[in-house]
Amino acid sequence: MNYLWLIQANSNKSKVIRENEKNLTMVVCKNYPNCRGTYLDYKVLSPTIMYGQSRIAGLERGIQAFKTDYTMETKVHCIHCGKEYLFKEANVVQFPDDDEPLVYCKHYPECDGSLIDMMTV
């Protein structure tokens, strides 16, 4: 079988799994199944939670895009789960068909509250 390597074909960074006996072969994170990072046919199959500098950049883009008065230290309340946290603790999620990552609740994926669902405390 021919494998499609979307990410660097390095066993330290990724591995190939056969999910079933059909035509579904995936390149996944080396930490699979604990990590949800998967690729198939040049598409991310599941949402990817961003970390590090890409997460901070996504939070800053969220502040600018929605023209909020939030800072990273703003305490917010998610109207979906009812929990409070600092904005800088929110998740930044890249969905397969979106160009830009989106800001989601700190408790994503259990809570699907997004930036518009966050209220200042």
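How many nonpolar, polar and charged residues does the lining of the second largest pocket have, by class? The first view below takes up this question, after a short note on the model.

This is a predicted model, in which local features need pLDDT of at least 70 and side-chain atom pairs count only at pLDDT 80 or more, while totals for chains, interfaces and linings use all residues. Residues are numbered from 1 along each chain as its sequence is written, and side-chain values use heavy atoms, with hydrogens and water left out.

**View 1. The lining of the second largest pocket.** By class, this lining has seven nonpolar, three polar and two charged residues, where Ala, Val, Leu, Ile, Met, Phe, Trp, Tyr, Cys and Pro count as nonpolar, Asp, Glu, Lys and Arg as charged, and the others, Gly among them, as polar. Among the lining residues are Arg61, Phe66, Glu100 and Ser114. A pocket is found on a 1 Å grid over the protein atoms alone, as an open set of points where a 1.4 Å probe fits, with protein on both sides within 12 Å along at least five of seven lines, and its lining residues have an atom within 4 Å of a point. The volume of the second largest pocket is about 160 Å³, a volume being the space filled by probe spheres set on the points, which are joined across faces, edges and corners. Helix α1 (52–65) gives the most to the lining, with four residues, and β9 (102–104) also supplies at least two; helices (H or I, at least four residues) and strands (E, at least two) are DSSP runs numbered from the N terminus.

**View 2. The open sheet and Tyr104.** Three strands form this sheet in the order β5-β8-β9, with antiparallel pairing, and two strands pair if DSSP finds at least two bridges between them. The edge strands, β5 (48–49) and β9, each pair on one side only. Between β8 (residues 91–94) and β9 there are three bridges, and Asn91 has Tyr104 as its bridge partner in β9. Tyr104 counts as buried because its relative accessibility is 14%, given that buried means under 20% relative accessible area, exposed over 50% and partly exposed in between (1.4 Å probe, protein chains only). Together with Phe95 and Tyr108, Tyr104 forms one aromatic cluster.

**View 3. Strand β6 between two partners.** Strand β6 (residues 75–78) is joined by three bridges to the antiparallel strand β7 (residues 84–86), and β6 also pairs with β10 (residues 118–120) in the antiparallel sense over three bridges. His77 has a bridge partner in each of these strands, namely Glu84 in β7 and Met119 in β10. In a regular strand the side chains alternate between the two faces of the sheet. In β6, Val76 and Cys78 make up the covered face, whereas Lys75 and His77 make up the uncovered one. The hairpin of β6 and β7 has five residues between the strands, and there Gly82 takes a positive phi near 80°.

**View 4. Cysteines without a disulfide.** The count comes to zero disulfides, under the rule that a disulfide is a pair of cysteine sulfur atoms within 2.5 Å. For Cys81, the nearest cysteine sulfur, that of Cys105, is 3.8 Å away, and Cys81 counts as partly exposed because its relative accessibility is 28%. For Cys111, the nearest cysteine sulfur belongs to Cys78 and is 3.6 Å away, while Cys111 counts as buried because its relative accessibility is 6%.

Technical notes: Rings of Phe, Tyr and Trp (its six-membered ring) pair if their centres lie within 6.5 Å; planes under 30 degrees apart count as stacked, over 60 as edge-to-face and the rest as tilted.
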